[in-house]
Amino acid sequence: MSDKRLIYLDNNATTPTDPRVVDAMLPFFHNVPGNAASRNHPFGWAAEEAVDYARDQIAKLLDADSREIIFTSGATESDNLALKGVYEMYQKKGDHIITLKTEHKAVLDSCAKIEKMGGKVTYLDVDDKGLVNLIELEKAITDKTILISIMWANNETGVIQPMKEIGEICAKHGVLFMSDATQAVGKIKTHPKELGIHLMAFTAHKMYGPKGVGALFVNRKNPRVKVTAQLDGGGHERGMRSGTLNVPGIVGFGAAAEIARNEMDADAARLSKLRDKLETALHGAMEEVYTNGSKEHRMPHVCNVSFKHVEGEGLMMTFNQEIGVSSGSACTSASLEPSYVLVAYGLGDDLAHSSIRFSLGRFTTDADIDDTIEMVTKGVNHMRDLSPIWEMYKEGVDLDAVVWSEH
Amino acid sequence: MAYSEKVLDHFKNPKNVGTLDKSSKTVGTGLVGAPECGDVMRLQIQVDSASGIIEDAKFKTFGCGSAIASSSLATEWLKGKSIDQALEIDNMTIVEELALPPVKIHCSVLAEDAIKGAIADYKSKNA
């Protein structure tokens, strides 16, 4: 990367590690070298003590018991462990899981694997704001349903699902409630027990902690939830996840959780103002700009915007030497398919292809947003000058009536 | 994915962006692709009716950098060629010239289709 100032607006892909988190981690690479499972010497004791301390810091952020935090390698592993682990543990009781079409691939692909293993999965639609229909959700429950898995906040749009209402439906029908809360934890209040969530997946690197460490919250009482381990080995983490603990990573995760607990309200207030400024300016500067997903039920730092008649990847190329954003999901942008999340919101493929996700973070400045408004506006105008469908639109051609040659 | 220097150059300074009068008898227009697929290319040629030489070419493209570069390059290559020479432009030559990766080969196919479409339109007007 060059010396010129780069603007990072891809915090939903990953957040920079907070320097205070890095400081907390450093001693645990060399000075405290032990394995937290070494029970018979001071090196192990020191490592175990550090892990316990971090577990408490994370539990406090969730208003949970530290014994309910199972460390993993990240949210993908936590999602896999929760879904497959519940399916294997409870399949005598039932084999049916309900989830949404807009979930992260870690959930959808785990569900696909469960179907291969013989389970049944219902994938519910969302409305044009990206929200679950609670009536449809309740109707989908059968006497074989063991789990409902619904993400807290969507990675592409920041849309927040009605967690309290979903929790009430799960409680009423005695179904376990799992949530992939990767994009929400550390950014907004996420207290699973208060909302009847029994399993919750999240990760350090989306909340200014290090990459490579995540956790699964597993409810311990009323009901006591168990998951079948997906890795065989030494039986760490109450037998649910074997493998030597990533002590420096966990220490960083804990520090990030404590900072988030103290600062997330102030961060959210500042970032929502900046996000609104960006969104308002883009809508004001140009025609045919659309915000995707609910604006009312949305994370404070995210906006997903479509610039009609401009292709997202090409648009990004006009400013990606200076600004880092995503078109659709970073996880799928290597493919040529438009975002399945936006398609599920009912966007036509053309608008889905025109979308850019801006995700702000703790280190985003006012100047970043001012420069972004200028460069994105310039980029959209450049791309529209090049766009034949923009020209046709301006000439009043009915684009829906054009017979396109599909390829 | 990193783009080649040539793609970046065509993307930043596209050649021959614009619109020719599609109702003119000497202009052929090819419009290929679909907004749903993320690529629409419009390529136009103006042919000197006496010599049969393509004297001007213009494009507009909705698409990624590779699609824009492919159509920009195509317009450059078209100018000065006869209709028959233009029909020989092969998508793989575009792929080689721009060093397109496999996932972007469809952009060059689209450019070749747009060339053929523009020529077919010109021929039908002058049949």
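Two residues are in contact if their C-beta atoms, placed from the backbone, lie within 7 Å. Among such contacts in chain A between residues at least 6 apart in sequence, 73% join residues at least 24 apart. This is a predicted model, in which local features need pLDDT of at least 70 and side-chain atom pairs count only at pLDDT 80 or more, while totals for chains, interfaces and linings use all residues. Residues are numbered from 1 along each chain as its sequence is written, and chains are lettered from A and ligands numbered from 1 in the order in which they are written.

**Chain A as a whole**

- Chain A has 12 helices and 12 strands, where helices (H or I, at least four residues) and strands (E, at least two) are DSSP runs, numbered from the N terminus.
- Of its 407 residues, 52% count as buried, meaning that 20 or more other C-beta atoms, placed from the backbone, lie within 10 Å of the residue's own, whereas a residue with 12 or fewer is exposed and one in between is partly exposed.
- The C-alpha trace of chain A spans about 75 × 55 × 35 Å along its principal axes.

**Helix α2 of chain B**

- Helix α2(B), residues 65-78, is largely enclosed by the rest of the structure, because 12 of its 14 residues are buried.
- Among these buried residues are Gly65(B), Ile68(B), Leu73(B) and Leu78(B).
- Just after α2(B), Gly80(B) takes a positive phi of about 90 degrees.

**Where the chains touch**

- The contact takes 24 residues from chain B and 21 residues from chain A.
- On the side of chain B that touches chain A, the largest share, four residues, comes from β1(B).
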